[in-house]
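Thanks for coming. I will take a few minutes to go through one model, chain by chain, and then stop.

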Amino acid sequence: MGGLLSSSIARKVAMALSALFLIFFLIIHLAVNLTSLFSESVYNDLSHFMGTNPLVQFGLQPVLIFGVVFHFVMGFILELKNKKSRNVKYIKFNGAANASWMSRNMAISGGVILIFIVIHFIDFWIPELNIKFVQGDMSGMENGEYRYFAHLQHKFMNPVKVGIYVVAFVLLALHLLHGFQSAFQSIGFNNKYSKFVKNLGVIYSIVIPLGFIVIALYHYFNH
Amino acid sequence: MDLTLKIWRQKGPQDKGQMVEYKVTDISEHMSFLEMMDVLNESLVAKNEVPIAFDHDCREGICGMCSLHINGEPHGPDRGITTCQLHMRTFKDGDTIYIEPFRAKAFPVIKDLVVDRTAFERIQQAGGYISVNTSGNTQDANAIPISKHNADLSMDAAACIGCGACVASCKNSSAMLFVSAKVSQYALLPQGKIEAKDRVKNMVAQMDLEGFGNCTNTGACEVECPKSISLENIARMNREYLKASI
């Protein structure tokens, strides 16, 4: 990868910017999903809007997919490069003495999240694409009413799947616990507000994944 | 105290190398770590064996020459000190101590525990300087007003002795703490502003060329740095780099 992203710092900043974009996206995603706890009709209306609005579908969605793919590909490239930078390993390496587990294992937590995203896409995204763009049914209707809420409940009937979701969200929390403040450090943000950003990062990293876990469990126990 | 030492032995750059076990006895807790190594080497010489090669010079934490990865950490388990300032009282009678060279592709082993750290020299040569006339017409540095805040931050960055512990401790073998300290010490002062853009770009380019890994902000370097160089310097370098590139 040459040109604009040839330098280590440029890659680091690109990684951080894609992370901040995904961090913002998660807030929107959670906000929409949370409505399913309170109102079936609001969740259905929002889902239909997000699923059929051309700006969302053909403007924001490709940007989101690019952001996700870029973050994973760049993370993978950097991980390979970093592994090569130490060609002979230490016999004894006490990584826990100077850095958190989260910061040392971003590739592991990121890998689990990648597997989760594949499962999530197979679960929700691919069936949606099939209905809308293969079958050509843009109505969002099934048996005379919006299908989104019913589909959501149906997806969370399987306890194994709910378990996978919960584990993935715990790993997401661990990924974010390092990644949130790390993204700010990478773009050069280190000043008197850094402590606030770190604390905000901890709150975000717990609240957002917990929100998704609550939604998965709620629909499992209330279908 | 009596200790078991597991030490990396490697005859030369091309040798594969291996850990070799040694026993040392009657080690005083008041000895420095390097003095303990001296005692071991004297016993090896007495037995007609090749002594263990390790770097050292000032032995007072200033020169940045000593290295050693001790029990999984550069400069050993204590904080804010170099290996020469590490004392045997840190260890207990009967302990097993692992002693390895600093590991990084950019720091190849020369012999035993000695590694080639000239990659740092080349990074420094790429931009770690200011161009001033030293022909006798040099302006008195004190004639240029500098805020106390910036002067302090610059001096903190300049405390880096270039030992390479940041690289050795980093899981990615990243040299960003070292490079950022060298960039920061000039970027914070008016004398360094003129060449600031070229400096950061050239030093980062040389760092990448040397084969160091990329920083993932684990913070291990800051913890292990014998001079407690702050991660703030890396953020500053990132800002300087972005300013220079955009």
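This is a predicted model: local features need pLDDT of at least 70, side-chain atom pairs count only at pLDDT 80 or more; totals for chains, interfaces and linings use all residues.

Residues are numbered from 1 along each chain as its sequence is written, and chains are lettered from A and ligands numbered from 1 in the order in which they are written.

Chain A, then. It has eight helices and two strands; helices here are DSSP runs of H or I with at least four residues, strands are runs of E with at least two, and both are numbered from the N terminus. Read from the N terminus on, the order of elements is α-α-α-α-α-β-β-α-α-α. The C-alpha trace of chain A spans about 65 × 40 × 35 Å along its principal axes.

Of the 223 residues of chain A, 26% count as buried. Buried means that 20 or more other C-beta atoms lie within 10 Å of the residue's own; exposed means 12 or fewer, partly exposed is in between, and the C-beta atoms are placed from the backbone. Among the contacts in chain A with a separation of 6 or more, 82% are between residues 24 or more positions apart. A contact is two residues whose C-beta atoms, placed from the backbone, lie within 7 Å.

Now look at α3 of chain A, residues 54-84. This helix has 31 residues and reaches 44 Å from its first C-alpha to its last, close to the 45 Å expected at 1.5 Å a residue. That expected span is 1.5 Å times one less than the number of residues. Where does α3(A) bend? The bend is at A:L60, by about 35°, and a proline, A:P62, follows within four residues. The angle is taken between axes fitted to the seven residues ending at a residue and the seven starting there.

The buried residues of α3(A) are A:H71, A:G75, A:L78 and A:N82. In general, an α-helix has 3.6 residues a turn, so residues three or four places apart point the same way. The buried residues of α3(A) pack against α1 (8-38) and α5 (106-134) of chain A.

Next, the contact between the chains. On the chain A side there are 34 residues, in contact with 37 residues of chain B. The elements of chain A that give two or more residues to that side are α1, α3, α4 (101-104) and α7 (159-186). Of these, α1(A) gives the most, with five residues. By class, the chain A side has twelve nonpolar, 14 polar and eight charged residues. Nonpolar covers Ala, Val, Leu, Ile, Met, Phe, Trp, Tyr, Cys and Pro, charged covers Asp, Glu, Lys and Arg, and the others, Gly among them, are polar.

On to chain B. Its secondary structure comes to nine helices and seven strands. The C-alpha trace spans about 60 × 40 × 35 Å along the principal axes, and buried residues make up 45% of the 246 residues.

Five strands of chain B form an open sheet with mixed pairing, in the order β2-β1-β5-β3-β4. Two strands pair if DSSP finds at least two bridges between them. The edge strands are β2 and β4 (73-74) of chain B, each pairing on one side only. Strand β1 (residues 3-9) of chain B runs antiparallel to β2 (residues 18-24) of chain B, with seven bridges. Along that pair, B:L3 stands opposite B:V24, and B:K6 stands opposite B:E21. With β5 (residues 96-100) of chain B, β1(B) pairs in the parallel sense over four bridges; there B:I7 has B:I99 as its bridge partner.

How is chain B divided into domains? The assignment, which is automatic or from a database, gives domain 1 (3-111) and domain 2 (117-132 + 143-245). Their C-alpha centres lie 28 Å apart. In contact are 18 residues of domain 1 of chain B and 17 residues of domain 2 of chain B. The domain 1 side has eight nonpolar, seven polar and three charged residues.

One last residue. B:V50 lies in the loop between α1 (33-46) and β3 (69-70) of chain B. Is B:V50 buried or exposed? B:V50 is exposed, because it has 12 other C-beta atoms within 10 Å. The C-alpha atoms of B:V50 and B:K11, 39 residues apart along the chain, are separated by 9.7 Å.
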